[in-house]
Amino acid sequence: MTLHEDNARAAKMFRRFFAIFALPAAVWAGVRPVEAAAPPSIAEMSRRVAKLSGARVDPTLAQAAARHARAIAQDTRRATREDLTRALEREGLADALLLPFSSVGTRRGALDEALLAFTERSARARAPTHVGVALAHEGDTLALVAIFSRRLVELAPLPRRLAPKRFTLRGRADPKLPVTALVLGPCRGATCGAVDPARVRRKQAVLTVDVDLRRPGWYFVELLADGPRGPETAALWRVAVGDAGPAPGGAPSNAPVAHQIAKDREAHDLAPLEGSAALTRAAQAHAEAACRAGLAAHVLVPGEDPSTRARAAGFEGAVTENVAIAPTAGHAHHNILWSPGHRQNVLDPTAAFFGIGIAQRPAAEGVASSVCVVELFGLQPR
């Protein structure tokens, strides 16, 4: 072999050797380049949340969540229960056993992590049946919203406005679950008619509720389901009938709850209530338990209903109870007054004693801090 041939062969081997080592590192390692993982689609995120919470993805709840997310992305001050209620009403929903989640930021991954943590730590314990998840963009701002619902009664879509007439609500519920209905109205401003029962007809899982809406004004129709947690507001439908005027209610008061109850009763010519130390102890203990559990329920421990708890605290006699969780104590009592069943307890002419319990629930992932309020009323002996 000549020197020229030997040099040519060496040059060829060098080129092959260099070509091998010049390959991209990923190819040299025998794998393809790894791209950054894209965030899951909202449909995929919904499935993850549903699986983790034990709920079912509900398209109508998702539409309400989308409405609420768009509003929050534009103005974070709209992350309120009233704005959520309006989003639900626009979809024909009257779900009342709700647990909303909302989070705003610029990093999608952080929002997803917060929702999954909230689902595992808070939502799953509520035993939701349905969930809707949505994401909205406003510039660089992202708003992720999830609405968890414990839907004990499945209702057909409900209108927000009606002409005066008789109306029938239609829906479905577990045939073994007792369901009753109450109607408050008509209301104009702060003036409302009485709370009256409405007839509930059952045929296996199908139920219908006949409501008399023949006078103009605002009405509040409440369906109560009596299950293991005691009576729960399964649905609360607010509807404007005819020339109803502005929605009633006004802004929540900042006055102490006891003062608000006294004013409510005075406005209806009812006797003032006498404070009870025993009822106050029972109400305070239950408010703290409700905050720990994150549940506005009458029965948090099997067998411990309001009467049992009141007797254990030293009160002998029949009782009624209101439980609410809201941003403030004023909001809680405001919500109580616009729930027909709870309003009945506040304005019960046979009530003679009362106790108030108030506890704080700290902020958690996607949920602001809140206040748990328990109003416990002792009735006059018969």
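## Lining of the second largest pocket

The lining of the second largest pocket has 9 nonpolar, 9 polar and 3 charged residues; Ala, Val, Leu, Ile, Met, Phe, Trp, Tyr, Cys and Pro count as nonpolar, Asp, Glu, Lys and Arg as charged, and the others, Gly among them, as polar. The space in this pocket is about 410 Å³, a volume being the space filled by probe spheres set on grid points joined across faces, edges and corners. A pocket is an open set of points, on a 1 Å grid over the protein atoms alone, where a 1.4 Å probe fits, with protein on both sides within 12 Å along at least five of seven lines; lining residues have an atom within 4 Å of a point.

Of the 21 lining residues, Ala190, Gly249, Asp264, Leu337 and Trp338 are the closest to the pocket centre. At least two lining residues each come from strand E9 (191-192), helix H7 (257-267) and helix H10 (329-337), and H7 gives the largest share, 5 residues. Helices (H or I, at least four residues) and strands (E, at least two) are DSSP runs, numbered from the N terminus.

The model is predicted: local features need pLDDT of at least 70, side-chain atom pairs count only at pLDDT 80 or more, and totals for chains, interfaces and linings use all residues. Residues are numbered from 1 along each chain as its sequence is written, and side-chain values use heavy atoms, with hydrogens and water left out.

## Helices H7 and H10

The axes of H7 and H10 come within 10 Å and cross at roughly 30 degrees; axes are lines fitted to C-alpha atoms, for helices over the stretch in contact, and angles run from 0 to 180 degrees between N-to-C directions. The two helices are therefore roughly parallel to each other (angles under 35 degrees).

In the contact (heavy atoms within 4.5 Å), Val257, Gln260, Ile261 and Asp264 of H7 meet Ala329, Gly330, His333 and Leu337 of H10. These residues divide into 4 nonpolar, 3 polar and 1 charged.

## Helices H3 and H6

Helix H3 (residues 42-53) and helix H6 (residues 108-123) have axes that come within 9 Å and cross at roughly 20 degrees. H3 is therefore roughly parallel to H6. Ile42, Met45, Arg48, Val49, Leu52 and Ser53 of H3 make the contact with Arg108, Asp112, Leu115, Leu116, Thr119 and Glu120 of H6.

## Backbone details

The peptide bond from Gly185 to Pro186 is cis, with omega near 0 degrees, and Pro186 lies in strand E8 (residues 179-188). Gln204 is not a glycine, yet has a positive phi of about 55 degrees.

Terms used. Angles under 35 degrees count as roughly parallel, over 145 as roughly antiparallel, 65 to 115 as roughly perpendicular and the rest as oblique.
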